[in-house]
Amino acid sequence: MSDEFVGSSDPAYEAKVLMISVAARMAGMHPQTLRQYDRLGLVQPGRAAGGGRRYSVRDVVLLREVQRLSQDDGINLAGVKRIIGLERLLEEAQQRVARLEAELDAAYRRIAELEALARFPGSDLVPTNRTSTALVVWRPRRPER
């Protein structure tokens, strides 16, 4: 989805505040088309107190992408639904990878801190070998009598 809003972390991007007529105009389609896409599960609008559909900017971006895939690329709506589902899975996987990379970086920093502690004179922790992250308590040998 190529749009300046994709991936936005602004809460207004996700807010379901646009009436169907406004969202349709922004997406360049008829409100009835939005209702059809809602029935097909391509977009999930929120609901106002009176039951009216409410769309977010993210929904409008998605609707534009549905239009582009179906009209410009000739993909049927079942294919569009599958593509969008796979794009969502990809986005979730990318976010998870980013979180895991951050955790791994933190773990590597902690290891480096522990290794630095082990190198200071007077420290009781020393690595057992270069390929292991295990640490042992080092006690100097007592001189033989």
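Accessible areas here come from the Shrake-Rupley method with a 1.4 Å probe, and for residues only the protein chains shown count as cover.

**Entry 1: ground rules.** I am working on a predicted model, where local features need pLDDT of at least 70, side-chain atom pairs count only at pLDDT 80 or more, and totals for chains, interfaces and linings use all residues. Residues are numbered from 1 along each chain as its sequence is written, and side-chain values use heavy atoms, with hydrogens and water left out.

**Entry 2: the whole chain.** I looked up the surface. The protein exposes about 10600 Å². Carbon and sulfur atoms supply 54% of that area. I then checked burial (buried is under 20% relative accessible area, exposed over 50%, partly exposed in between; 1.4 Å probe, protein chains only). Of the 145 residues, 21% count as buried. For contacts (heavy atoms within 4.5 Å), I took pairs with a separation of 6 or more; residues 24 or more positions apart account for 51% of them.

**Entry 3: secondary structure.** I counted five helices and five strands. These are DSSP runs, numbered from the N terminus: helices are H or I with at least four residues, strands are E with at least two. Along the sequence I read α-β-α-α-β-β-α-α-β-β.

**Entry 4: helix H3.** Which residues are buried in H3? In this helix, residues 31-40, I found Leu 34, Tyr 37 and Asp 38 buried. They sit on the same side of H3, because they cover an arc of only 105° around the axis. The arc is that of the directions from the helix axis to the C-beta atoms. Just after H3, Gly 41 takes a positive phi of about 85°.

**Entry 5: Asp 59.** I found Asp 59 in helix H4, residues 57-72. Its relative accessible area is 6%, so Asp 59 is buried. Leaving out residues up to four places away in sequence, Asp 59 touches Lys 16, Val 43, Gln 44, Pro 45 and Arg 54.

**Entry 6: helix H5.** I placed Tyr 108 in H5, residues 77-119. Is Tyr 108 buried or exposed? Tyr 108 is exposed, because its relative accessible area is 52%. With Leu 104 and Ile 111, Tyr 108 forms a nonpolar surface patch of about 280 Å² accessible area together. I also checked UniProt: an unreviewed entry lists residues 83-117 as "coiled-coil region". Over residues 83-117 I read 100% helix and 0% strand. The end C-alpha atoms of that stretch are 51 Å apart.

**Term note.** Patch residues have over 30% relative accessible area and no salt bridge; like charges are joined within 9 Å, nonpolar side chains (Val, Leu, Ile, Met, Phe, Trp, Tyr) within 5 Å. A salt bridge is a side-chain nitrogen of Lys or Arg within 4 Å of a carboxyl oxygen of Asp or Glu. UniProt positions are given in the numbering used here, feature names are shortened, and annotations may be inferred rather than shown by experiment.
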